[in-house]
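I opened the notebook to record what I looked up in this structure. The entries follow in the order in which I made them.

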Amino acid sequence: MTDKKITQIYTQEQIKNRVNEMADEIEKTFAADRPLLAICVIKGAVLFYADLVKAIRNRDVRFGFVAASSYYNAEGGLMRSTGTVNMKYSSVDESEIVGAEVLIIEDIIDTGRTLKALKAYFYEKGAKTVKIATLLNKPDCRVVDDIDPDFNAFTLVGNPYIIGYGLDNAQQYRNLDGVYKIN
């Protein structure tokens, strides 16, 4: 599978259970009579996004996709933050955002820069509310003070390098069914 030593930290079953719990939390938080604009931060959040929006059953969910990142492939093959967020793509028409309840669905929150920029973008375009759901939260890595997930599957202590379930290392390992740490 890989030449790197990896250790599984969350199984497919653990992820599925937390996704279902999060969907229940989301359904209780947002008004049932309004559509929810669920924004997937691609590429990493795709698998988490698909499972989470399928688990939200009691409301209308509209799909949107954005590509934004502050990372680059560093020497040694691991990704590093540039400190600057680059919005590369959005499938969301600005008219869909005005007055919308927006849920940004992200794979992992490290520095918080990308989500801070995305949250500001959606508010600037007229969203009524903007909340964040993440598979993994790494609060020890945060460099911005005002970004925390509203819905969080798992919290990681320290700064382990994580792959699987959509998360990659230089575009590899996204297809692993669980979440793994590179040792």
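The entries below concern a helix, the nonpolar cores, some backbone angles and strand pairing. I worked throughout from a predicted model.

**Entry 1. Helix α1**

I began with α1, which spans residues 12-29 and comprises 18 residues. From first C-alpha to last I read a reach of 26 Å, close to the 26 Å expected at 1.5 Å a residue. I then listed its buried residues: Ile15, Arg18, Val19, Met22, Ala23, Ile26 and Glu27.

**Entry 2. Nonpolar cores**

I next asked which residues of the largest nonpolar core touch the most other members. They are Leu52, Ile105, Leu135 and Leu136, in a core of 32 residues. At least two residues of this core come from each of α1, β2 (36-42), α2 (46-55), β5 (101-109), β6 (129-137) and β7 (151-155). I also noted another core, lying apart from this one, with 20 residues that include Val66, Ile97, Val102 and Phe122.

I looked up the contacts of leucine 136, leaving aside its neighbours within four places in sequence. I found Tyr10, Asp107, Ile108, Ile109, Asn152, Phe154, Leu156, Ile162, Leu167 and Val179.

**Entry 3. Backbone angles**

I checked the peptide bond from isoleucine 42 to lysine 43 and recorded it as cis, with omega near 10°. Lysine 43 belongs to the loop between β2 and α2.

I then turned to the loop between β8 (161-163) and β9 (179-182), where tyrosine 165 lies. Phi of tyrosine 165 is near 50°, which is positive although the residue is not glycine. Alanine 170 is found in the loop between β8 and β9 as well, and its phi, near 55°, is likewise a positive value in a residue other than glycine.

Is tyrosine 165 buried or exposed? I classed tyrosine 165 as buried, because its relative accessible area of 6% falls under the 20% cut-off.

**Entry 4. Strand pairing at β9**

Finally, I looked up the bridges made by β9. Strand β1 (residues 6-10) is joined to β9 by four bridges, and the two run antiparallel. Between β8 and β9 I found three bridges, again in an antiparallel arrangement.

Which residue of β9 is the bridge partner of threonine 7? I recorded lysine 181 as that partner. Lysine 181 is also the bridge partner in β9 of isoleucine 162. I had already listed isoleucine 162 among the contacts of leucine 136.

Notes: Residues are numbered from 1 along each chain as its sequence is written. This is a predicted model: local features need pLDDT of at least 70, side-chain atom pairs count only at pLDDT 80 or more; totals for chains, interfaces and linings use all residues. Side-chain values use heavy atoms; hydrogens and water are left out. The expected span of a helix is 1.5 Å times one less than its number of residues. Buried means under 20% relative accessible area, exposed over 50%, partly exposed in between (1.4 Å probe, protein chains only). A nonpolar core is a set of buried Ala, Val, Leu, Ile, Met, Phe, Trp, Tyr and Cys residues joined through side-chain atoms within 4.5 Å. Contact means heavy atoms within 4.5 Å. Two strands pair if DSSP finds at least two bridges between them.
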